[in-house]
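Q: Hi! Could you walk me through this protein model in plain words?
A: Happy to. Let's look at it together.

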Amino acid sequence: MKIEEAVKRAEREWHDADYRLHARDEYPPDASDFIKRFERVDLTPFCEGGWSYWADPRSEAFGHIAITPGTRVLDYGCGSGKLGMYLSLRGADVSGFDLSVEGIRVANEVAAHYGAAAKFEQMDAEDLRYPDNFFDLAAGFGVLHHVIKYPNAALQLHRILKPGGRAIFLETLWDNPLINLARRFTTVDADAGDAHLTESSIYEFCRKFREIRLEKRNLIYMLKRFATLPGRDLSAPLRPRPFWRLIKSVDRNLLRIRPLRRYCGEVIIFLHK
């Protein structure tokens with residue numbers, strides 16, 4: 001077995017096991033409750049009382065996703081399909097793929113249960129079965145750090161987007177040694193196949209696109225990883241965090257000094273074909 005094939009197999013098996021244990025917990029019985037849960041977990045900024053450390057840039061990125069009938073959206077590296085499910089329930093024409101067989105199984109089961117017109121398929125990012133020039137938009141949360149190490153993944157991403165099509169990704173960056181040190185204490189699992197993304201590696205991966213824009217976010221605000229997340233109770237009101245609002249404001253002012261941006265811990269990646 002080639003080394004690349006062995007890495008993919010290990011990555012698929014790790015995620016299959018994880019989705020088998022936890023993926024269904026992310027989906028409440030009713031689609032309306034899923035929408036509320038997704039907005040609370042994935043789109044409510046941490047400083048505003050959200051349930052995720054990563055929701056701030058996700059919320060910002062969503063401001064650039066126009067959901068209109070007939071818009072073809074690819075949930076790129078969809079896992080168990082949460083992003084694609086939400087966009088489908090909001091009216092987008094959604095497809096999704098992932099290497100994990102178990103993730104795809106859960107996504108399709110839930111789509112059928114919710115009545116969502118989304119189609120999820122097991123695929124390799126290096127061998128996508130979609131037609132050329134097919135999607136208006138590809139989007140993914142925390143997926144490039146899985147596929148960036150595979151040489152043909154970028155070519156496939158570029159191929160399946162329409163001329164003028166866009167891609168939006170959310171990722172963590174590994175250009176700051178102090179943040180990298182802190183991650184040793186805040187990272188619970190070492191996911192199989194993870195790569196440490198840097199600005200240069202992202203530009204190299206995306207080089208075929210005519211426009212590449214990296215919007216870097218969060219310096220001191222990355223310390224939010226040491227804060228305790230609240231229990232996930234949809235009936236409980238949001239409780240904004242004034243201290244973290246202040247830290248985010250300080251961060252925003254600090255990052256007006258452009259050289260400091262190279263040390264940010266998160267990035268929104270905008271690609272234009």
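A: We start with a term: two strands pair if DSSP finds at least two bridges between them. Helices (H or I, at least four residues) and strands (E, at least two) are themselves DSSP runs, numbered from the N terminus.

Q: Before we go on, what kind of model is this, and how are residues numbered?
A: This is a predicted model: local features need pLDDT of at least 70, side-chain atom pairs count only at pLDDT 80 or more, and totals for chains, interfaces and linings use all residues. Residues are numbered from 1 along each chain as its sequence is written, and side-chain values use heavy atoms, with hydrogens and water left out.

Q: How do E2 and E3 pair?
A: Strand E2 (residues 93-98) pairs with E3 in the parallel sense, over five bridges. In one example, Gly96 has Phe120 in E3 as its bridge partner.

Q: Now E4: is it mostly covered or open?
A: Strand E4 (residues 135-141) is mostly covered, with six of its seven residues buried. Buried means under 20% relative accessible area, exposed over 50%, and partly exposed in between (1.4 Å probe, protein chains only).

Q: What does E4 pair with?
A: Strand E1 (residues 72-76) runs parallel to E4 and is joined to it by three bridges, with Leu74 opposite Ala138. E4 also pairs with strand E5 (residues 161-172) in the parallel sense, over six bridges. There, Leu137 has Arg166 in E5 as its bridge partner.

Q: Changing topic, how many aromatic pairs are there?
A: A search of the whole structure finds 17. Rings of Phe, Tyr and Trp (its six-membered ring) pair if their centres lie within 6.5 Å; planes under 30 degrees apart count as stacked, over 60 as edge-to-face and the rest as tilted.

Q: What sort of pair do Phe34 and Tyr114 form?
A: A tilted one, 5.8 Å centre to centre with 40° between the planes. Phe34 is in helix H2 and Tyr114 in helix H5, so the pair ties together parts 80 residues apart in sequence. Both Phe34 and Tyr114 are buried.

Q: Why is the pair of Phe134 and Phe135 edge-to-face?
A: Because the planes of Phe134 and Phe135 are at 90°, with the ring centres 4.9 Å apart. Phe134 is partly exposed, at 21% relative accessible area, while Phe135 is buried, at 1%.

Q: Which residues form the aromatic cluster?
A: Tyr27, Phe34, Phe38, Phe62, Tyr86, Tyr114 and Phe141 form one cluster.
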